[in-house]
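Trainee: I am new to this structure and would like to go through it in questions. Please show it first.

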Amino acid sequence: HKDISEGKLTLDLFAADLWEVYQNRSSPEYRDKDVFFEKTYVTSGIKNILEVVEKRLNGKGGDPVIQLQTPFGGGKTHTLIALYHKSKEWNAKSVVIVGTEFSKEDSLWGILEQQLTGEINNFKDNAAPGRERIRNLLEKNRPVLILIDELLEYMVKAATVKVGDSNLADQTIAFIQELTEVAKTLDKVSVVFSLPTGSLERYGELGEKMFHQINY
């Protein structure tokens, strides 16, 4: 590429950020779909995930839930950005949840409803909403692609919020289970989320415990 041969490529371009792309604030290399794919080497792994998710959103099978696990810098966020851009081609609604961007008071189900409907009406409670309410929301908004990045960081923050005898992190684990179960029974719904493989990215003992709970 010309920017490499002319020495114009800066290291910050390697810091992919799904939320910045969603907010339309990132550099053109990530924000602009055509530039992104022009400068992205589509590996066989990325190609396979794109094909599976496209098939799922078209109601033609495909895995409903995909978990991306690589070490730091292994391409998880890059893959999520590729899916975000492609979702527009596939005429699917996309939900973008990036754990570093939300406060401990935000619930993932509230964010889900807000991004799909523009407001939070039915998912205001800090307790996980249950499968039926999630199903009703997703069924009305299909096809829908749900992209979740930096989940563990959000959960470490949410663990400090009490919800009855529980906490918001435990409720989030319940929600992730409910969400994935709904996705398995409802066509044209795809959930893709990333988890780190390196222990240094798991935010200490609490993060390690939650990693194994989600990964179970």
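This is a predicted model: local features need pLDDT of at least 70, side-chain atom pairs count only at pLDDT 80 or more; totals for chains, interfaces and linings use all residues.

Trainee: What share of the residues of the chain count as buried?

Mentor: A residue is buried when its relative accessible area is under 20%. Among contacts with a separation of 6 or more, 70% join residues 24 or more positions apart. Of the 216 residues of the chain, the share that count as buried is 45%.

Trainee: How many nonpolar, polar and charged residues has the contact of α8 with α10?

Mentor: From α8 come Arg-131, Ile-134, Arg-135 and Leu-138, and they meet Phe-175, Glu-178, Leu-179, Glu-181, Val-182 and Thr-185 in α10. By class, the contact of α8 with α10 has 5 nonpolar, 1 polar and 4 charged residues.

Trainee: In which hand does α5 pass α6?

Mentor: Helix α5 is residues 44-57, and its axis comes within 10 Å of that of α6, crossing at roughly 40 degrees. That angle makes α5 oblique to α6. The crossing in which α5 passes α6 is right-handed.

Trainee: How do the residues of the contact of α5 with α6 divide by class, and which residues are they?

Mentor: In α5 the residues are Ile-46, Ile-49, Leu-50 and Val-53. In α6 they meet Thr-79, Ala-82, Leu-83 and Lys-86. The residues of the contact of α5 with α6 divide into 6 nonpolar, 1 polar and 1 charged.

Trainee: Which residues does Phe-175 contact, leaving aside neighbours within four places in sequence?

Mentor: Phe-175 is one of the residues of α10 that meet α8. It is also one of the core residues that touch the most other members. Leaving aside those neighbours, Phe-175 is in contact with Leu-108, Trp-109, Leu-112, Ala-128, Pro-129 and Ile-134.

Trainee: Which two residues does a cis peptide bond join?

Mentor: Most residues other than glycine have a negative phi, and most peptide bonds are trans. The cis bond has an omega of about -5 degrees and involves Pro-143, which lies in the loop between α8 and β3. The two residues that the cis bond joins are Arg-142 and Pro-143.

Trainee: Where is Glu-150, and what is its phi?

Mentor: Glu-150 lies in the loop between β3 and α9. Its relative accessible area is 32%, so it is partly exposed. Glu-150 is not a glycine, yet its phi is positive, near 55 degrees.

Trainee: What is the phi of Lys-188?

Mentor: Lys-188 is placed in the loop between α10 and β6. With a relative accessible area of 32%, Lys-188 is partly exposed. Although Lys-188 is not a glycine, its phi is positive, about 65 degrees.

Trainee: Is Ala-92 buried or exposed?

Mentor: Ala-92 lies in the loop between α6 and β2. Leaving aside neighbours within four places in sequence, Ala-92 is in contact with Leu-57, Ser-87 and Pro-143. Its relative accessible area is 12%, so Ala-92 is buried.

Trainee: How far apart in space are Asn-126 and Ser-107?

Mentor: Asn-126 is in the loop between α7 and α8. Not counting residues up to four places away in sequence, it touches residues including Ser-107, Trp-109 and Gln-171. Asn-126 and Ser-107 are 19 residues apart in sequence, and their C-alpha to C-alpha distance is 6.5 Å.

Methods: Residues are numbered from 1 along each chain as its sequence is written. Side-chain values use heavy atoms; hydrogens and water are left out. Contact means heavy atoms within 4.5 Å. Helices (H or I, at least four residues) and strands (E, at least two) are DSSP runs, numbered from the N terminus. Ala, Val, Leu, Ile, Met, Phe, Trp, Tyr, Cys and Pro count as nonpolar, Asp, Glu, Lys and Arg as charged, and the others, Gly among them, as polar. A nonpolar core is a set of buried Ala, Val, Leu, Ile, Met, Phe, Trp, Tyr and Cys residues joined through side-chain atoms within 4.5 Å. Buried means under 20% relative accessible area, exposed over 50%, partly exposed in between (1.4 Å probe, protein chains only). Axes are lines fitted to C-alpha atoms, for helices over the stretch in contact, and angles run from 0 to 180 degrees between N-to-C directions. Angles under 35 degrees count as roughly parallel, over 145 as roughly antiparallel, 65 to 115 as roughly perpendicular and the rest as oblique. A crossing is left-handed if the near helix is turned anticlockwise from the far one by less than a right angle, and right-handed if clockwise.
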